Amino acid sequence: MNNYESFFRNRRIEREMETIQIRQGDLREESWFLPFISVSFLTFNSGVAVYRNRDNPSSLNFIITAYVSFISLMWCINASEKVPKEDSLRKWRYRVAIWVLASILNLTFSNRISAVMPLFMSVFVWALSVLCIIGTFYIFFVMADEAVTAK
């Protein structure tokens, strides 16, 4: 292969890579469709579940708590990704909110699952739930603070 062929080949590869990067940027900017469909599907299913369980207060409590916690968690995660790195107080507040909402979801599902299990399995589910909450607290706050002080 001579110099001209390699030059044009490299130039063509560069143009293809630029095109791919432009397309990926377009996908990131226009990525509202899939989350919209997902949230619409979740909302519809939650509405159907609320309608079917309108006479059962514990099921209604579970459905509404899980739905509101999940939507709030997704909103907080999305909002925390948009916070500039300089605004550490707001980022820390979002981290607290994310941890609290994830813990609520974890405890909500543990409560629902443990109600239909034998006692020893129920204790195991609750132990895993508490372990997950402690682990996320450690990752979100202790390890994050260690990373900040190490810099």
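1. Helix H4 has 27 residues. From its first C-alpha to its last, H4 reaches 38 Å. That is close to the 39 Å expected at 1.5 Å a residue. Bear in mind that this is a predicted model.

2. Which residues of H4 are buried? They are Tyr94, Ile98, Leu101, Ser103, Leu105, Thr108, Ser110 and Ser114. Thr108 comes up again below, in a pocket lining.

3. The overall fold is quickly described. The protein chain holds 5 helices and 0 strands. Along the sequence the pattern reads α-α-α-α-α. The protein chain has 151 residues, of which 17% count as buried.

4. Next, the aromatic contacts. The structure holds 7 aromatic pairs. One of them joins Phe62 and Phe109 and is edge-to-face. The ring centres are 5.3 Å apart, with 85° between the planes. This pair links distant parts of the chain. Phe62 sits in helix H3 and Phe109 in helix H4, 47 residues apart.

5. Are the two partners buried or partly exposed? Phe62 has a relative accessible area of 18%. The cut-off for buried is under 20%, so Phe62 counts as buried. Phe109 has a relative accessibility of 39%.

6. Arg54 lies over the face of Tyr51. The distance from the ring centre is 4.1 Å.

7. Now the second largest pocket. About 160 Å³ of space lies in it. H3 provides the largest share, 4 residues.

8. Which residues line the second largest pocket? They are Ser58, Asn61, Phe62, Thr65, Thr108, Asn111, Arg112 and Ala115. By type, the lining divides into 2 nonpolar, 5 polar and 1 charged.

9. Two lining residues link back to earlier points. Phe62 lines the pocket and also forms the edge-to-face pair with Phe109. Thr108 lines the pocket and is among the buried residues of H4.

Definitions and conventions. Residues are numbered from 1 along each chain as its sequence is written. This is a predicted model: local features need pLDDT of at least 70, side-chain atom pairs count only at pLDDT 80 or more; totals for chains, interfaces and linings use all residues. Side-chain values use heavy atoms; hydrogens and water are left out. On a 1 Å grid over the protein atoms alone, a cavity is a set of points where a 1.4 Å probe fits but cannot get out, and a pocket is an open set with protein on both sides within 12 Å along at least five of seven lines; lining residues have an atom within 4 Å of a point. Grid points are joined across faces, edges and corners, and a volume is the space filled by probe spheres set on the points. Helices (H or I, at least four residues) and strands (E, at least two) are DSSP runs, numbered from the N terminus. Ala, Val, Leu, Ile, Met, Phe, Trp, Tyr, Cys and Pro count as nonpolar, Asp, Glu, Lys and Arg as charged, and the others, Gly among them, as polar. Rings of Phe, Tyr and Trp (its six-membered ring) pair if their centres lie within 6.5 Å; planes under 30 degrees apart count as stacked, over 60 as edge-to-face and the rest as tilted. Buried means under 20% relative accessible area, exposed over 50%, partly exposed in between (1.4 Å probe, protein chains only). A charge sits over a ring if NZ of Lys or CZ of Arg is within 6 Å of the ring centre and within 35 degrees of the ring normal. The expected span of a helix is 1.5 Å times one less than its number of residues.
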